[in-house]
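Here's a quick briefing to read with the model open beside you.

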Amino acid sequence: FNLDIGNSSEIQLIFDEEMGDLIKGYGQGDLSLKIDDNGNFQVFGDFIIEKGNYLFTLQDVITKSFEIEEGGIIKFNGNPYNATIDLNLLYNVQASLNPLNTDYDRKVKSPVICKMKMTNNLLNPDIDFSIEIPKSDQIIETSLEMLTNTEQKLLEQFLYLLIANSFLIENDPSIDYLGNTLATTGTELLSNQ
């Protein structure tokens with residue numbers, strides 16, 4: 001089968017049916033599907049995502065829907081399980097910037113973007129995490145850099161933003177113990193997953 005997929009077509013990739021981990025995207029591409037006499041199934045071609053989402057599930061701790069940035073690509077070169085991906089995933093949070101700069105009002109929330117870049121093998125991708133603050137200043141940028149200057153600290157901040165819509169500041173009396181424990185547990189789960 002040779003498929004010319006228009007941009008109103010949807011593709012779904014289910015990573016874990018039980019957990020509900022899946023990518024759903026609308027886009028376009030040319031795909032060739034082949035089945036031989038032995039029932040071996042192969043897919044060739046590229047699917048370019050124009051819009052979509054990734055339902056990210058982490059055990060029973062987190063379930064969040066990340067937006068797939070336009071231009072993400074899924075490349076098929078035979079076995080569909082060996083497809084490669086290049087996706088930028090975004091999750092928008094509203095969080096107080098007060099923990100990063102005390103000049104900001106604790107009650108005022110600002111946009112914060114949690115980003116995951118997934119590349120290489122579909123079923124075992126390389127994942128890079130980042131946090132962006134669109135309306136930041138130099139103090140905010142410096143504070144964020146200090147809070148995320150190791151991979152472990154970056155993962156903790158990333159997960160705490162997903163769980164609590166807040167930055168995690170050690171020894172801050174306004175940060176609850178449960179949320180801190182969830183961030184630590186989530187970091188361990190994410191590293192293992």
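Lysine 75 and aspartate 46 make a salt bridge, with 3.5 Å between the closest N and O atoms (a side-chain nitrogen of Lys or Arg within 4 Å of a carboxyl oxygen of Asp or Glu). This pair ties together distant parts of the chain, 29 residues apart: lysine 75 is in strand β5 (residues 72-78) and aspartate 46 in strand β3. Keep in mind that this is a predicted model, where local features need pLDDT of at least 70, side-chain atom pairs count only at pLDDT 80 or more, and totals for chains, interfaces and linings use all residues. Residues are numbered from 1 along each chain as its sequence is written, and side-chain values use heavy atoms, with hydrogens and water left out.

**Overall layout**

- The protein has three helices and eight strands (DSSP runs numbered from the N terminus: helices are H or I with at least four residues, strands are E with at least two).
- Starting at the N terminus, the order of elements is β-β-β-β-β-β-β-β-α-α-α.
- Of its 193 residues, 42% count as buried (buried is under 20% relative accessible area, exposed over 50%, partly exposed in between, using a 1.4 Å probe and protein chains only).
- Among contacts with a separation of 6 or more, 49% join residues 24 or more positions apart (contact means heavy atoms within 4.5 Å).

**Salt bridges**

- The structure has three salt bridges in total.
- Back at the opening pair, lysine 75 counts as partly exposed because its relative accessibility is 38%, and aspartate 46 does too, at 30%.
- Lysine 117 bridges to aspartate 86, with the closest N and O atoms 2.9 Å apart. That pair spans 31 residues, from lysine 117 in strand β7 to aspartate 86 in strand β6 (residues 84-96).
- Glutamate 132 meets lysine 115 at 3.3 Å, N to O.
- Glutamate 132 is partly exposed at 36% relative accessible area, whereas lysine 115 counts as buried at 18%.

- β2 and strand β3 (residues 41-58) pair in the antiparallel sense over 14 bridges (strands pair if DSSP finds at least two bridges between them).
- Leucine 22 has leucine 55 in β3 as its bridge partner.
- Five residues sit between the two strands of this hairpin, and glycine 39 in the turn has a positive phi of about 85°.

**Core and surface**

- The largest nonpolar core holds 44 residues, and Phe66, Val112, Leu162 and Phe167 have the most contacts inside it (buried Ala, Val, Leu, Ile, Met, Phe, Trp, Tyr and Cys residues joined through side-chain atoms within 4.5 Å).
- Beyond neighbours within four places in sequence, phenylalanine 66 contacts residues including Tyr54, Leu89, Cys114 and Phe158.
- Threonine 148, in the loop between α1 (138-147) and α2, is buried at 17% relative accessible area.
- Leaving out residues up to four places away in sequence, threonine 148 touches Ile131, Lys153, Leu154 and Gln157.

- Asparagine 120 has a positive phi near 70° although it isn't glycine, and lies in strand β7 (residues 109-121).
- Asparagine 165 also has a positive phi, near 55°, and sits in the loop between α2 (151-164) and α3 (177-192).
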